[in-house]
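Student: I should like to learn how to read the features of a protein model. May we work through one together?

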Amino acid sequence: MSFSTFVTDKDGLQKLYEAIISKHETYAPVEKFGKYDYKKVSSLKECDPDSPIAMTMSVKPLFFPRASKIMKYEATSAGTSIHETGQDQLSGPRVILGVKHCDARGLQVLEAVNKWDYIDSDFLNRRANTVIFSKRCDKADTQCFCTSLDYDLENLDALDVAVVSGPGGKVYLQARTEKGENFLKENLGKESAAGSQQALDEMKKQYEAFAASFRLKMDYKDVNEKMSKRFDSTAYEEATRNCVSCNTCAFICPTCHCFKISDEKIKDTGVRYKSYDSCNNVYFTLEAGGHNPRPAKYRRWRQRSMHKFVYYKERFGVNLCVGCGHCAISCPVNISIFEVVNHVAAAPMEV
Amino acid sequence: MEALLVPSLAKIDRIIQETPDVRTYRLKFKDDSISEKFSWQPGQFVEFSLLGSGECTFCISSSATRKGYFDCSIKRAGVVTADIHTDLEEGDDVGIRGPYGNWFPLDDIKGKNLLFVGGGIGLAPLRSLIQYCIDNRGDYKDFTILYGARTSADLCYKEEIEEWKKNTSIKVVLTIDKPEETWKDNVGVVPKILEEVVKPEIANTKVITCGPPIMIKYTLQSLDRLGFAPKDVITTLEMKMQCGLGKCGRCNIGSTYICKDGPVFTYEQLKALPDEF
Ligand SMILES: Cc1cc2nc3c(=O)[nH]c(=O)nc-3n(C[C@H](O)[C@H](O)[C@H](O)COP(=O)(O)OP(=O)(O)OC[C@H]3O[C@@H](n4cnc5c(N)ncnc54)[C@H](O)[C@@H]3O)c2cc1C
Ligand code: SF4
Ligand code: SF4
Ligand code: FES
């Protein structure tokens, strides 16, 4: 890796964070009733960039909003006019502190669908205008399995700056992208030549204890292959019988990206929205006339599982699920995608 | 924000009542510079909005070889299409995004006999290709159109069909499901007429078919029986869509984006997709 590492200590890190918050539009993990979300903050006191464990919400809404306006319009007897809502107003880079590796990787995985063929420049611009400071969790939460899914310590370029704590209160700030590098240079000044290797060694050392803390582990390439051969397996039905099709798993997932387009009109003026949707939704594929290619719940769950573990990889070369566990943590009926795909992979071949 | 999804305004120039529940809307962009840039191939579709009601997917049912306008033929099917039929009048504005999707394989069908098999509103996408092929008639050999509907009233493009019939280089075969007093053409479902009346030549023929799912199902079986190779049978798929441009995930079947890789597929390609349509 050709980027620099800067060495500071806990105080130095606090000061840097404070300076960032005062200068930039900044987001960071905020705890509320035991749940963590990335929120806009105006002081370090409001947030916890060092939050030790997985977030409840992903960072996705800051790049792909839950609902965004496509346009406004007026339609009267005098005529129709469309008003584009214009580009985001971005004044200098936004910064997000304390982004978990899984959430950052989710963004990286989403780039593929946003830049094939038609380019979603809104998504890509938001990414380009955001500096991501990332800190790995101290240990795995009950539903996490990120280390099983192409987690590559040395080549994590989904982050702009990796924050690594070292021995004796030392903190390494490791630039992972040119954007991260430039940002650190502007805000910190002096880099440390030796720090780069030390930070990496420290990360590797800490990784062992971190990896050992995982309850869930899988060989996802094997699962991927077995799923491809079990499209018709009854295991989907068994594993997803309790699903209430509430879509929470999709709304909370860092990589789900299905959306719907809807109009809201009052009198002569209206707004068209792009907002989250989910393949678990029974209306998702219901056509006018009543035909529905995925009328049963297990079929929709099969689509969700196959998209996460087979189709996206077939199409774009990367696994769509990053193993963050957000979906399982928030599912009202305790369905875990880890369990579903493993159940299917372990099922007998014949149907 | 979301610039990809903002439509351009088009004006309804004419509305043609095709059947009790199908109308053709003849459209022109309000901004001439958009009209000049807007070009499409037969088989492509647009996202059509009735502002305030919503957006729907419709193929362009006319050919770009007929200049100055484009047609969408719309069947009243659900919420938005009902509003379109009820609310829109000639002179009104609608929103259009597109054209999107792939198109009929124009190179593959050159020099071949063409057999069009359509049912009901399914003639809409075929009509775009039929017009295109008529306007380039020299590029093709035999030209047959088999078109059926439930009743004679449900046949679309009645005036145009009369013109096709007058064209001696085209064979037109019409059918309706049940006999009617004044009906002099064939009676019987499309696959039956295909096998018993049209009896198509198989060698060097490309079949292009579109219609309601049940008709497609039996037509494909008939074509199989007649001996057509799946690669010579071309159809267009109707999966629910939203964005039309490969982002929203709605139309996916396996790793295929129907809105980008389709909607036009050969029967051979369809057979390779998971059975989810
Ligand atoms: C590639 C393609 C070409 C088509 N061409 C034509 C055509 O030329 N003429 C025609 O009459 N119909 C066509 N359809 C079908 C047409 O899109 C639906 O009938 C229409 O969207 C129904 O909308 P609705 O609001 O009335 O129905 P509702 O059931 O109320 O649907 C709500 C929304 O769901 C979506 N939707 C519902 N059914 C379908 C469907 N079958 N396909 C796609 N989206 C759907 C639309 O976004 C619609 O606004 C085509 C569909 C596709 C995919
Ligand atoms: S969160 Fe759970 S219940 Fe809700 S759709 Fe997902 S799996 Fe089904
Ligand atoms: S499917 Fe679940 S575990 Fe996988 S990335 Fe989405 S929220 Fe995380
Ligand atoms: S319709 Fe949105 S991806 Fe195909």
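Predicted model: local features only at pLDDT ≥ 70, side-chain atom pairs only at ≥ 80, totals over all residues.

Student: Which residues of α4(B) are buried?

Tutor: Among them are Leu123(B), Ala124(B) and Pro125(B), and also Arg127(B), Gln131(B) and Ile134(B). A residue counts as buried when its relative accessible area is under 20%.

Student: What span should helix α4 of chain B have, and how far apart are its ends?

Tutor: The idea is to compare an expected span with the distance between the end C-alpha atoms. At 1.5 Å a residue, the 13 residues of α4 in chain B, 123–135, should span 18 Å, and the end C-alpha atoms are 18 Å apart, so the two values agree.

Student: Why is α9(A) described as largely enclosed?

Tutor: Because 14 of its 20 residues are buried, α9(A) is largely enclosed by the rest of the structure. Phe309(A) is found in this helix, and since its relative accessibility is 0%, Phe309(A) counts as buried.

Student: Which residues does Phe309(A) touch?

Tutor: Leaving aside residues up to four places away in sequence, its contacts include Phe145(A), Leu149(A), Met218(A), Tyr220(A) and Cys321(A). Distance in sequence and distance in space are separate matters: Phe309(A) and Leu320(A) are 11 residues apart in sequence and 6.3 Å apart in space, C-alpha to C-alpha.

Student: Which residues come nearest to ligand 3?

Tutor: Of the 13 residues around ligand 3, the nearest are Cys253(A), Cys321(A), Cys324(A), Gly325(A) and Cys327(A). Helices α9 (297–316) and α10 (326–330) of chain A each supply at least two residues of this shell. By class, the shell has eight nonpolar, three polar and two charged residues.

Student: Finally, how many helices and strands are there in chain B?

Tutor: Chain B has nine helices and 15 strands. Its radius of gyration is 18 Å, close to the 19 Å that the globule rule gives for 277 residues, so chain B is as compact as a globular protein of that length. Buried residues make up 58% of the 277 residues in chain B.

Note on methods
Residues numbered from 1 in each chain as written. Chains lettered and ligands numbered in written order. Heavy atoms only, no water. Near = heavy atom within 4 Å. Helix = DSSP H or I, 4+ residues; strand = E, 2+ residues; numbered from the N terminus. Nonpolar A, V, L, I, M, F, W, Y, C, P; charged D, E, K, R; others polar. Expected span 1.5 Å × (residues − 1). Buried < 20%, exposed > 50% of the residue type's maximum accessible area, 1.4 Å probe, protein only. Contact = heavy atoms within 4.5 Å. Rg over C-alpha atoms; globule rule 2.2 N^0.38 Å.
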